[in-house]
Amino acid sequence: QVQLVESGGGLVQAGGSLRLSCAFSGRTFSSYAMGWFRQAPGKEREFVSSITWSGSNTYYADSVKGRFTISRDNAKYTVYLQMNSLKPADTAIYYCAAPAGPFTMRWQYWGQGTQVTVSS
């Protein structure tokens with residue numbers, strides 16, 4: 001069973017930065033694509049970014065492109081989301097996600113979430 005634990009959220013002023021981490025366990029991490037999603041109050045969960053199993057391909061929502069960077073360390077079983085130039089609109093609970101199996105992006109496993117609050 002895949003388990004995901006996020007960390008790194010917090011309160012930051014607009015224009016600031018945060019780095020989220022997600023620790024993966026239960027399977028061979030290097031076989032899995034990984035993703036980040038977020039959910040703001042009163043809104044549906046939305047895609048933020050994803051990265052392929054090798055890290056060779058990354059994908060971003062238009063709203064974060066150029067400001068957020070996803071990366072992974074397969075030796076540490078960890079995926080990161082570096083968030084720069086944060087805006088109040090980025091305030092949300094951020095969730096790490098893993099797919100149902102290797103080499104797919106059919107998201108099945110979710111972390112508990114970490115709160116990111118950006119003040120204006």
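Let me start with the open sheet of 4 strands, which has the order 1-3-8-7 and antiparallel pairing. Strands here, like helices, are DSSP runs numbered from the N terminus, with at least two residues (E) for a strand and at least four (H or I) for a helix. Two strands count as paired if DSSP finds at least two bridges between them. At the edges of the sheet are strand 1 and strand 7, residues 68–73, and each of them pairs on one side only. On average, neighbouring strands of this sheet are turned by 15° against each other, direction ignored. For that angle, axes are lines fitted to C-alpha atoms, for helices over the stretch in contact, and angles run from 0 to 180 degrees between N-to-C directions.

A word on where this comes from: the model is predicted, so local features need pLDDT of at least 70 and side-chain atom pairs count only at pLDDT 80 or more, while totals for chains, interfaces and linings use all residues. Residues are numbered from 1 along each chain as its sequence is written, and side-chain values use heavy atoms, with hydrogens and water left out.

Back to the pairing. As a reminder, strands of a sheet pair through backbone hydrogen bonds, either parallel or antiparallel.

Next, the disulfide, meaning a pair of cysteine sulfur atoms within 2.5 Å. How many does a search of the whole structure find? It finds 1. The disulfide joins Cys-22 to Cys-96, with an S to S distance of 2.1 Å. Cys-22 sits in strand 3, residues 18–25, and Cys-96 in strand 9, residues 92–99, so the pair links distant parts of the chain, 74 residues apart. The angle about the S-S bond is -80°, and the link of Cys-22 and Cys-96 is left-handed.

Are the two cysteines buried or exposed? Cys-22 is buried, because its relative accessibility is 0%. Cys-96 is buried as well, at 0%. The cut-offs are under 20% relative accessible area for buried, over 50% for exposed, and partly exposed in between, with a 1.4 Å probe and protein chains only.

Now the charged pairs. A salt bridge here is a side-chain nitrogen of Lys or Arg within 4 Å of a carboxyl oxygen of Asp or Glu, and the structure holds 4 of them. I will take Arg-38 to begin with. Arg-38 forms a salt bridge with Glu-46, the closest N and O atoms being 2.6 Å apart. Arg-38 also forms one with Asp-90, where the closest N and O atoms are 2.9 Å apart. Asp-90 lies in the loop between strand 8 (78–83) and strand 9, and Arg-38 in strand 4 (residues 34–39), so this pair ties together parts that are 52 residues apart in sequence.

As for accessibility, Arg-38 counts as buried at 5%, and Asp-90 is buried at 2%. Glu-46, by contrast, is partly exposed, with a relative accessible area of 36%.

Another salt bridge joins Asp-62 and Lys-65, the closest N and O atoms being 3.1 Å apart. Asp-62 is exposed at 67%, and Lys-65 is partly exposed at 48%. Salt bridges that share partners join Arg-38, Glu-46, Arg-67 and Asp-90 into one network.

Last, the backbone. Which phi values stand out for Tyr-77 and Ser-85? Tyr-77 has a positive phi of about 55° although it is not a glycine. Tyr-77 is placed in the loop between strand 7 and strand 8, and is partly exposed at 31% relative accessibility. Ser-85, also not a glycine, has a positive phi of about 50°. Its place is in the loop between strand 8 and strand 9, and Ser-85 is partly exposed, with a relative accessible area of 41%.
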